[in-house]
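Biologist: I'd like to learn how to read a model like this one. Could you walk me through it, feature by feature?

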Amino acid sequence: MKHSKIAIIGGGNLGGAIAAGLIKSKFISPDHLTVTRRNVAELNDLKAMGVNVTSDNSAAIQKSEVIIVALKPYNVREVLEALKGSFDRSKHIVISVVTGVQLKDFISILAPGVPVFRAMPNTAIAIQESVTCICHQGALNEQVNYVTELFNQLGITIAIDEKLMDAATVLGACGIAYALRFIRAATQGGIEIGFDAKTASLIAAQTVKGSAELLLKLNRHPEEEIDKVTTPKGCTIAGLNEMEHQGFSSSLIKGIITSFEKIGK
Ligand SMILES: NC(=O)c1ccc[n+]([C@@H]2O[C@H](COP(=O)([O-])OP(=O)(O)OC[C@H]3O[C@@H](n4cnc5c(N)ncnc54)[C@H](OP(=O)(O)O)[C@@H]3O)[C@@H](O)[C@H]2O)c1
């Protein structure tokens, strides 16, 4: 599968970011990649990189082996129904990054036997720092390895059961908004204690990045690292406990559960 040609159907925010990341990482050469959307003028940046751009989905599918579907959930069925005849189960694999559309829905639309993957990245895919949760149906080991390798170019990859896909969406994709709101709030606090907005934002963002790297690179538990900075009777524990009295952890957990309940409706 290594030299497969890839078509991205729906070259919007996510489809475009996947295309750019795959080129940047040299996972695929630009001439082996085709990106589609109706308004192709919006794909000029990719075209300038040597990527094939077209509004002809059927032609894109026919000249590729790996089809990444990055359409909005509400037009997936209509667009794919019209392309049904273009899929060949002995040639194609389909990867959907569409939120909320299940593997069984894809299988019911596409030709029987086409291996289908669902992948849930987040917007950090634009800088190849996504966490992408993946599940699949009907795929061979070689195809699973290929799809894992593809998304490993764009961050890290975690294999999950499809029943956890909504939870992955909340924790990973919505999680970007939660983390950014934390940074924004820390920035506001930083301004109040003396920094200009730009400096406060830089300190807050780099501090969150460094904290995350302590867990990811050194495999530490958050509390182990928290213990290191909470001097007895010191300012960190005083502030941290006040945040908890105000419902810090509880509000995050409740927010995550609220998003999860909403996505399930
Ligand atoms: N953004 C995220 O954080 C994130 C994370 C995980 C999953 N997702 C999912 O990824 C999907 C795409 O999200 P997005 O933010 O990238 O949306 P988006 O920017 O609206 O991209 C969708 C693209 O599909 C194109 N399109 C519409 N009809 C088409 C057709 N008939 N043929 C070919 N292309 C067509 C649209 O372009 P034209 O109008 O020019 O055709 C548009 O650029 C969604 O299902 C979303 O739920 C997003």
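Modeller: Gladly! Let's begin with a pairing: the bridge partner of I9 in β4 is V69. Before going on, note that this is a predicted model, where local features need pLDDT of at least 70, side-chain atom pairs count only at pLDDT 80 or more, and totals for chains, interfaces and linings use all residues. Residues are numbered from 1 along each chain as its sequence is written, and side-chain values use heavy atoms, with hydrogens and water left out.

Biologist: In which sense do β1 and β4 pair, and over how many bridges?

Modeller: Two strands pair if DSSP finds at least two bridges between them. Strands (E, at least two residues) and helices (H or I, at least four) are DSSP runs, numbered from the N terminus. Here, β1 and β4 (residues 66–69) are parallel, joined by four bridges. Strand β2 (residues 33–36) also runs parallel to β1, with four bridges, and T36 is the bridge partner of I9 there.

Biologist: Which way do the side chains of β1 point, and are they buried or exposed?

Modeller: In a regular strand, side chains alternate between the two faces of the sheet. In β1 (residues 6–9), I6 and I8 point one way, A7 and I9 the other, and all are buried. Buried means under 20% relative accessible area, exposed over 50%, and partly exposed in between (1.4 Å probe, protein chains only).

Biologist: What handedness does the unit of β1, α1 and β2 have?

Modeller: With the strands pointing away from the viewer, a crossover is right-handed if the path from the first strand over the helix to the second runs clockwise. The β-α-β unit of β1, helix α1 (residues 13–24) and β2 is right-handed.

Biologist: Now a loop residue. Why does T230 count as buried?

Modeller: T230 counts as buried because its relative accessibility is 16%. This residue sits in the loop between α9 (222–229) and α10 (235–245).
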